[in-house]
Amino acid sequence: MRTAVSPPADALTSERVAQTVRSAERRRRREDNVHGWAFAGPSVVMVLGLSFIPMVWAFWLSLTNSDLVSGGHYIGFANYSALAKDPLLKKAFTNTLIFSVLYLPAGLLGGLLTAMMLNRRIRGIGFYRTAFLVPFIASSAAEGLLFGFIFDPDFGVVNSILGKVGIPPQRFLTDPSQALITLAIVYFWTQFGFNVVIYLAALQDIPQEVMEAAAIDGARGWATFRSIILPTIRPVTVFLVVWGLIDTFQFFDLVFTTTKGGPLYSTITLVYYIWELAFNFFTAGYGAAVAYVLFFSTLIAIIVGLVYARRRGMAL
Amino acid sequence: MRRSPGTPRAVGLERPTTIEREGEIGVKRFVVLGIAMSFLVAACTGGSSDNNGGSSSSGGASGTVTIQFWHGQQQSAARALTDLVNEFNQTHKDVKVDVSSGGVTTDEMLPKVISSIAAGTYPDVVYLYGSWAANIAKSGKTVDLSSRLNEPGFNWDDFWDSSKQIVSPGGKVIGFPALIDNLSVIYNKKIFDDAGVPYPSADWTWDDFRTIAKELTDPAKHIYGVNYPVSGDLDTVWRFFPGLWQRGGQIISDDETQALFNSQAGVDNLTLWQQMATVDKSVFFDPNDSKAEPLFGSGHLAMYVSGPWEVQYLASTGIDWGDQVLPGYNGDHQTVSGPDNWVILNHDEARVNASIEFLKWLTAPEQELKWMMASASLPIRPSIMQLPDYQKFLDKYPGIEAMADNLQNAKNAMPTLTQWPRIVDALGQGISSVLLGKADPKTALDQAAQEADTLLAVPQ
């Protein structure tokens, strides 16, 4: 039974046109998708293969009592409940936190001041800029070796300088109360070159017109710094804090080459403890649980930092 | 870590292991990446069989069995092993040995082997420290040779007792002894002469030791009496055992359920070192057991408690040195030895048999002597000391004879337990805290023993 009322011809056509347009749109999108994935595919595989799958695997490992040599079996969240009772984990966590607090402010301040000194046109500036980056590039194993000599209690340069100004010789890496600070100083020297480079780039991004306008308005050194330079480099600072947090939370290589976590666990850090658990104590499952503690504490620290930065309007 | 002959003792280079690490990508990245990669590879190859170890596997066209051999050695010791393997390959048509260091030094061999087991690409024969024996035996990839020791070629009686114990965790013989060393006192003759102190005699006591160390310490000249590592690992711990054993003490009970190192013998032993460290101030605290060597080499350490792995380095310094057995208690001068193993990992029966054939040949006295000549290591079989060419070895490395003879004084062995690394850690921190003046011997040892008891109570 046909209905008497049929849609008007022009409406039908417009419907058809719309359909054609839609399907062309869909096809185009599909092709875009194919092309997009073709380009992104390899890196997606890399990210999945080298980051995501190992993360999932490590989580599975943290639910077992595996020692990596033999399989181990599922023990639920026993590793995680053991974490709370582990005095060494607490020590490693505190040390890592102290280390971050020692390095981060100093690294930011030192990086900014040095960058400002380097942000001028003088003869040989390229050389000076390079000089500050060299320690960052050099291998940290070699730097551990070098500073082992510099901070040697008996024959090191530092003690001989201290002696000249009347300060008694210090034990540095063999003194439980000084070892971590000494490592933070070494770490500062090896890492703050990176902050210098990033800050230098940020400083050079400040438009000349703004500086000139400020000068015309009568702003001098400190006022310019506070009202122009600081606000402009805020996003970069946030970036450097996040970056520095990740790096200091994963501090390992200098410990490995100088003190091996000692004396008396005074330099044991989270990553060193994880290494020791997995490869020295044969408790890889528990080590993986500690690795997840590290992961989540880094994540939380970063989220807190970013939220704070957003609230203050210095978001990335 | 105590250095074995394989780890390079390059002339004039302090801390060679560290320098070597520089060549690799940053240690941190190496470890993180290594863990990630091993998991990944394991995930990808999950169900595959274990027989695809490396490019060449068993059953070649001619019926030759090919085995992978990782030794972790460097420089002259590595070259000597390669020469020996070539000789073996030429004289043995049924077995072909693929030799390589394994890509790491002996210090880092364990993580490497763990990763390779996870990936199914593990070698047939690998050099592993004795302290790892119990844990590698848990992998399920090791063999048990205990029923075959009487077969010709093993000559099992002709190994040192401490070697045999270390290669047999839980009664399972997982391979062959590869190396043995021991602690003695290496001393700088010039420092003794300058201070007018006679060289130590073979019957010296721990009290003599303490007096000498105190006399020779000279803060003005930055000269220390003796070294002690405070890193808290095995370097710290094994130096504690000779004095413990000499006083009749034990590390753990025979049934391996209880720590005994906090006995009166242990407390007395640690008290002596504590007095030297905190009262006499004659002890150099080595943060990672790699600073004492250059200190001795530069003439600032009078007595160096160390072993044969220093001999090549010492020769390169030109220092006039002597060595003496450890000080004794009631005439007992026993020392501690740190034997390492050639561990056989199981692919299939043919490859295990080929590995045994190779190791029988490699550990035979004639071959051992060639490798000792290159690596300055001690004889792993007493019979090597009867070979006519043994004298050439003694002539090549002056000072090593006393260390070889000192093997007779290695009467006790360290335990081979899966919990051992953690017990070492507990005890090591205890000893270090006493030496650094943060705890008294009795409290520190009791606490470490309590931790060890907890570890020993968990069935493995």
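User: How many residues of chain A are in contact with chain B?

Analyst: This is a predicted model: local features need pLDDT of at least 70, side-chain atom pairs count only at pLDDT 80 or more, and totals for chains, interfaces and linings use all residues. Residues are numbered from 1 along each chain as its sequence is written, and chains are lettered from A and ligands numbered from 1 in the order in which they are written. Two residues are in contact if their C-beta atoms, placed from the backbone, lie within 7 Å. Chain B contributes 39 residues, and the number in chain A is 39.

User: Which element gives the most to that side of chain A?

Analyst: Helices (H or I, at least four residues) and strands (E, at least two) are DSSP runs, numbered from the N terminus. Four helices of chain A give two or more residues to the side touching chain B: H1 (9-62), H5, H10 (253-258) and H11 (270-279). With six residues, the one that gives the most is H1(A).

User: Which residues of helix H5 of chain A are buried, and why do they line one face?

Analyst: A residue is buried if 20 or more other C-beta atoms lie within 10 Å of its own, exposed if 12 or fewer, and partly exposed in between; C-beta atoms are placed from the backbone. In H5 (residues 140-150) of chain A, the buried ones are Ser140(A), Ala141(A), Glu143(A), Gly144(A), Phe147(A) and Gly148(A). They line one face because, seen down the axis of H5(A), they fall within an arc (taken from the directions from the helix axis to the C-beta atoms) of 160 degrees.

User: What is the strand order of the open sheet in chain B?

Analyst: Two strands pair if DSSP finds at least two bridges between them. The edge strands, each pairing on one side only, are E7 (283-286) and E9 (321-324) of chain B. The sheet has five strands and mixed pairing, in the order E7-E6-E8-E5-E9.

User: Which residue stands opposite Ile186(B) in E8(B)?

Analyst: E8(B) joins two neighbours. With E6(B) it runs parallel over two bridges. With E5(B) it pairs in the antiparallel sense over four bridges. There, the residue opposite Ile186(B) is Tyr304(B).

User: Why is E8(B) largely enclosed by the rest of the structure?

Analyst: Look at burial along the strand. E8(B) is largely enclosed because its buried residues number six of six.

User: Is Ser184(B) buried or exposed?

Analyst: Ser184(B) is found in strand E5 of chain B. Leaving aside neighbours within four places in sequence, its contacts include Gly307(B), Asp323(B) and Asn406(B). There are 24 other C-beta atoms within 10 Å, so Ser184(B) is buried.

User: How far apart are the C-alpha atoms of Ser184(B) and Asn406(B)?

Analyst: Along the chain, these two residues are 222 residues apart. Their C-alpha atoms are separated by 7.7 Å.
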